[in-house]
Amino acid sequence: MASSKFNGSASAPGKSEFRNQKPKPEDRDESELLTVPDGWKELGFSKEDNPRGLFATLFPKYREAYLKECWPLVQKALNEHHVSATLDLIEGSMTICTTKKTFDPYIIISARDLIKLLARSVSFEKAVRILQDDVACDIIKVGSLVRNKERFVKRRELPTLMVPYCLIGPKGSTLKALELLTNCYIMVHGNTVSAIGPFSGLKEVKVVLDTMQNIHPIYNIKTLMIKRELAKDSELRSQSWERLLPQFKHKNVNKRKEPKKKTVKKEYTPFPPPQRESQIDKELASGEYFLETSQKKRQKMEAIKAKQAEALSKRQEERNKAFIPPNKLVVKPKEASTETKIDVAAIKEQVKKAQNKKLGALTAEEVKLKMEVDAKKKKKK
């Protein structure tokens, strides 16, 4: 009996341990986890799955006129999903609630997001997309991220020369680029940023938070563009993209002004500085300590008189400077230039020719030519 009890007690914990052991996910094939069994279909919703819910939200006064116009369209869109909607202009609120015919359990959440977007100045045409199954929305609160109100407006609105970090960009170019890359509709209004689009795009819209933290959106736009191109490649789709994505470092441009007078630190020494000499020590070294009071006074008077004499001599020299004549300027005679020598004989000949020549008279060569011409004419006759 003892042996049977012993064997039973020994075998019991072994069985329990074996039963508690769960198959590890590593032992399973990945194909079993990823593949969907044949004939399986997603279960649909029926009228039996009737949810019950009610949501209400307030809207600002300037949205009253627009909501009054588009409210029939809102009711028509919600009636298709059997959700009732009421607009209270006195309290300034919108209310939605389910009916007996409502069977989609998530439609009440989508309807709640619809009235929230309408209150945040999103147009009805854009907000109705939230009722689709593959579309979601996200309202990002940006006002509390920046304490300074002026800085918040500059980062949100159009850029200036001093503040290039902005969300909207010049003529809305930054916002358009984000919309194209994320496939989402983005609207900046007041202290919030509303985004409508697919779930994958809403994750990337979080770039807005980096922009409000003084990081330029162009860096995130570049990374989104690279991710978009990498997703097209079938080989790189399953690999890590960390080595391919750019890594931008934050550089602080505003440097601290350096002081004009820089204090140079002395070399550290473990020993204390030498003790300064007292007045008595100086008098002992010079021997003045052993002199009498009358002798000390005489030395002081002599030192004062010596200083006065030096000052007088300096003052006298400055006064005498005005009476000293200036130095005479010595004019050096110019040396005759021997480079160009004048030919006197050539000049005389030119003068003689000019005297012999009368005004309007012909030269000797011209006279000879004229005589030859006249002789030829006579011979012809």
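Modeller: A helix here is a DSSP run of H or I with at least four residues, numbered from the N terminus. N220 has its place in helix 10. Please bear in mind that this is a predicted model.

Biologist: Why is N220 called buried?

Modeller: The relative accessible area of N220 is 16%. Buried means under 20%, so N220 is buried. Setting aside neighbours within four places in sequence, N220 is in contact with V207 and D210.

Biologist: What makes S93 count as buried?

Modeller: S93 belongs to strand 3, residues 93-98. Its relative accessibility is 7%, and the cut-off for buried is under 20%; S93 therefore counts as buried. When residues up to four places away in sequence are not counted, S93 touches T57, L58, F59, T86, L87 and D88.

Biologist: How much of the chain is buried?

Modeller: Buried residues make up 21% of the 381 residues. The chain exposes about 32900 Å², of which carbon and sulfur atoms supply 55%.

Biologist: Why are helix 7 and helix 10 described as roughly parallel?

Modeller: The axes of helix 7 (residues 173-182) and helix 10 (residues 217-232) cross at roughly 25° and come within 10 Å. Angles under 35 degrees count as roughly parallel, and helix 7 and helix 10 are therefore roughly parallel to each other. Their crossing is left-handed. On the side of helix 7, the contact is made by T174, A177, L178, L180, L181 and T182; on the side of helix 10, by P217, I221, L224, M225 and R228.

Biologist: How do the residues of that contact between helix 7 and helix 10 divide by class?

Modeller: They divide into 8 nonpolar, 2 polar and 1 charged.

Biologist: What makes helix 3 roughly antiparallel to helix 4?

Modeller: The axes of helix 3 (residues 64-79) and helix 4 (residues 107-119) come within 12 Å, with a crossing angle of roughly 165°. Angles over 145 degrees count as roughly antiparallel, so helix 3 is roughly antiparallel to helix 4. Helix 3 passes helix 4 in a right-handed crossing.

Biologist: Which residues meet there, and of what class are they?

Modeller: From helix 3, L67, V74 and L78 meet A111, L114 and L118 of helix 4. The contact of helix 3 with helix 4 has 6 nonpolar residues, with no polar and no charged ones. Leu, Val and Ala count as nonpolar.

Key:
Residues are numbered from 1 along each chain as its sequence is written. This is a predicted model: local features need pLDDT of at least 70, side-chain atom pairs count only at pLDDT 80 or more; totals for chains, interfaces and linings use all residues. Side-chain values use heavy atoms; hydrogens and water are left out. Buried means under 20% relative accessible area, exposed over 50%, partly exposed in between (1.4 Å probe, protein chains only). Accessible areas come from the Shrake-Rupley method with a 1.4 Å probe; for residues, only the protein chains shown count as cover. Axes are lines fitted to C-alpha atoms, for helices over the stretch in contact, and angles run from 0 to 180 degrees between N-to-C directions. Helices (H or I, at least four residues) and strands (E, at least two) are DSSP runs, numbered from the N terminus. Angles under 35 degrees count as roughly parallel, over 145 as roughly antiparallel, 65 to 115 as roughly perpendicular and the rest as oblique. A crossing is left-handed if the near helix is turned anticlockwise from the far one by less than a right angle, and right-handed if clockwise. Contact means heavy atoms within 4.5 Å.
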